[in-house]
Amino acid sequence: MESRTEPAEAEPEPAAAIRRPSPHSTAARPPLVRELLLVAGLFVVYKVGRQLADGHTAEAFRNANRVWDWERTLHLPGEGSVQGALLHSDALVHLANTYYATVHFPATVAFLVWMYLRRPVHYVWARRVLAAVTAAALALHLTFPLAPPRLLAAAGLVDTGQVYGPTVYGAHPATDEMANQFAAMPSLHFGWALMVAIGLIAATRSRLRWLWLLHPLLTLLVIVGTANHYWLDAIVATALLGIALAVIRLPRGTGAAEAHGLVAAEASEEADGEAGNSGGAGGAGEKESVPELVGARR
C-alpha cells in the first residue's frame, strides 16, 4: 500500500483575531519636543492676545451691565447667593480663592501629561479640543471685553481675592500688567475644567470615573462665588466646548468600551498562550495533529 502525506494547509485566521491598535499604543504618541513647543506656543499666543484685548475699560463695563441685565431677564440665580455661602467662613473663602489661583493651570497640565503618557490617541484629541476652545475664547475676549462681577457696582459683590487673598489680579485693572481683567467671557477656568473631566471619563474605564465631573462643578462654584465670573461666562464656555467636541471627534475604536474590550482580548490571548506552553513543556499536552492522508491507495 502506497501513501503519501502532505501537511494540512493552515487555516486563515478569522478577522476577529486580527489585533487592532490599542488606544494607548506608544505608536500613536506624537513627538515630545514638538508637543512641548506647540503647547508653549499656543500659551504664548493666548497670553499676548489677552493683553491686546486689554485697555477697553469703558466698553468692558458697558458689556458688564448688559450681561447683568441679560441674566436677570433669563431669571438666572444671583451670583451673590453663592458668594454669601462662602462669606460665612473666612477659611472657606480663602480656600476658594486659593483654588481659583492655583488649580486651573496645574490641573490642565497634569491632565495633558497623563493623557500623553497613558492615552496618546486621547491626548491628541483633547489637545485639539482645548486649542479650539481657547482660540474661540480669545476671539471673544478681543470682540467682547467684559468686566467681571467683582468690579461691577450694580452686582454689589465682594472682591474676595483683594479682601481675603490670595489673588492673581492687581488692585487696579487699568495698571495690571500680569493679567487682563476684562476677559471674563467665556470662562476658561470652567471650560478647561469641563474638558478635563470629559477627557478622563472618555479615556478611563473605572466605574468611579464620573466623579471627575466634581472638578468642573467645584470650579463653577468657585468662579461665581469669588465674583470672578458670571453664570453666563460658564454657559458660553460650555457652548464653545460642545461645538468643539462636535467638530473634533474622538477617533473610532478609542472609547472606554473599546479599550476595555482590547485589554480583555489581550489578557485572554496571553492566558491561552501560557496554557499551550505549559502543556508542551510537560509532555502531557495535546498530540500534534496527524497529517492528512491524501490520495491513499491500496
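# Briefing on a predicted helical chain

Read along the sequence, the protein chain runs β-α-α-α-α-α-α-α-α-α-α-α-β, which amounts to 11 helices and 2 strands, where helices (H or I, at least four residues) and strands (E, at least two) are DSSP runs numbered from the N terminus. The model is predicted, and local features need pLDDT of at least 70, side-chain atom pairs count only at pLDDT 80 or more, and totals for chains, interfaces and linings use all residues. Residues are numbered from 1 along each chain as its sequence is written, and side-chain values use heavy atoms, with hydrogens and water left out.

**Overall burial and contacts**

- Of the 298 residues in the protein chain, 39% are buried, where buried means under 20% relative accessible area, exposed means over 50%, and partly exposed lies in between, with a 1.4 Å probe and protein chains only.
- Among contacts in the protein chain with a separation of 6 or more, 85% are between residues 24 or more positions apart, a contact being heavy atoms within 4.5 Å.

**Nonpolar cores**

- The largest nonpolar core has 40 residues, and those with the most contacts inside it are Phe111, Val129, Phe190, Met195 and Leu220; such a core is a set of buried Ala, Val, Leu, Ile, Met, Phe, Trp, Tyr and Cys residues joined through side-chain atoms within 4.5 Å.
- At least two residues of this core come from each of α3 (79–86), α4, α5 (104–118), α6 (120–143), α8 (188–203), α9 and α10 (231–247).
- Apart from this core lies another, of 16 residues, which includes Trp68, Phe144, Ala155 and Met185.
- Leu220 touches Phe190, Trp231 and Ala234, when residues up to four places away in sequence are not counted.
- In soluble globular proteins, nonpolar side chains tend to be buried together.

**Helix packing around α9**

- Helix α4 (residues 90–102) packs against helix α9 (residues 214–225) at an angle of about 115°, with their axes 10 Å apart; axes are lines fitted to C-alpha atoms, for helices over the stretch in contact, and angles run from 0 to 180 degrees between N-to-C directions.
- The two helices α4 and α9 are therefore roughly perpendicular to each other, on a scale where angles under 35 degrees count as roughly parallel, over 145 as roughly antiparallel, 65 to 115 as roughly perpendicular and the rest as oblique.
- On the α4 side the contact is made by Ala96, Tyr99 and Tyr100, and on the α9 side by His215, Leu218, Thr219, Val222 and Ile223.
- By class, the contact of α4 with α9 has 6 nonpolar, 2 polar and no charged residues, where Ala, Val, Leu, Ile, Met, Phe, Trp, Tyr, Cys and Pro count as nonpolar, Asp, Glu, Lys and Arg as charged, and the others, Gly among them, as polar.
- The axes of α3 and α9 come within 8 Å and cross at roughly 95°, which makes α3 roughly perpendicular to α9.
- In this second pairing, Glu79, Val82, Gln83 and Leu86 of α3 meet Leu221, Val224 and Gly225 of α9, and the residues of the contact divide into 4 nonpolar, 2 polar and 1 charged.

**Individual helix residues**

- His189 lies in helix α8 and is buried, with a relative accessible area of 15%; leaving aside neighbours within four places in sequence, His189 is in contact with Tyr100, His104, Thr219 and Ile223.
- Phe105 lies in helix α5 and counts as partly exposed at 35% relative accessibility; leaving aside neighbours within four places in sequence, Phe105 is in contact with Phe43 and Trp192.
- Phe105 and Ala193, which are 88 residues apart in sequence, are 9.6 Å apart in space, C-alpha to C-alpha.
- Lys47 lies in helix α1 (residues 32–52) and counts as partly exposed at 29% relative accessibility, while the C-alpha atoms of Lys47 and Leu138, 91 residues apart along the chain, are separated by 9.2 Å.

**Backbone features in loops**

- A cis peptide bond joins Gly165 and Pro166, with omega about -10°, and Pro166 is found in the loop between α7 (160–164) and α8.
- A cis peptide bond also joins Met185 and Pro186, with omega about -5°, and Pro186 is placed in the loop between α7 and α8.
- His75, in the loop between α2 (57–73) and α3, has a positive phi of about 60° although it is not a glycine, and at 70% relative accessibility His75 counts as exposed.
- Ala227, in the loop between α9 and α10, has a positive phi of about 65° although it is not a glycine, and at 0% relative accessibility Ala227 counts as buried.
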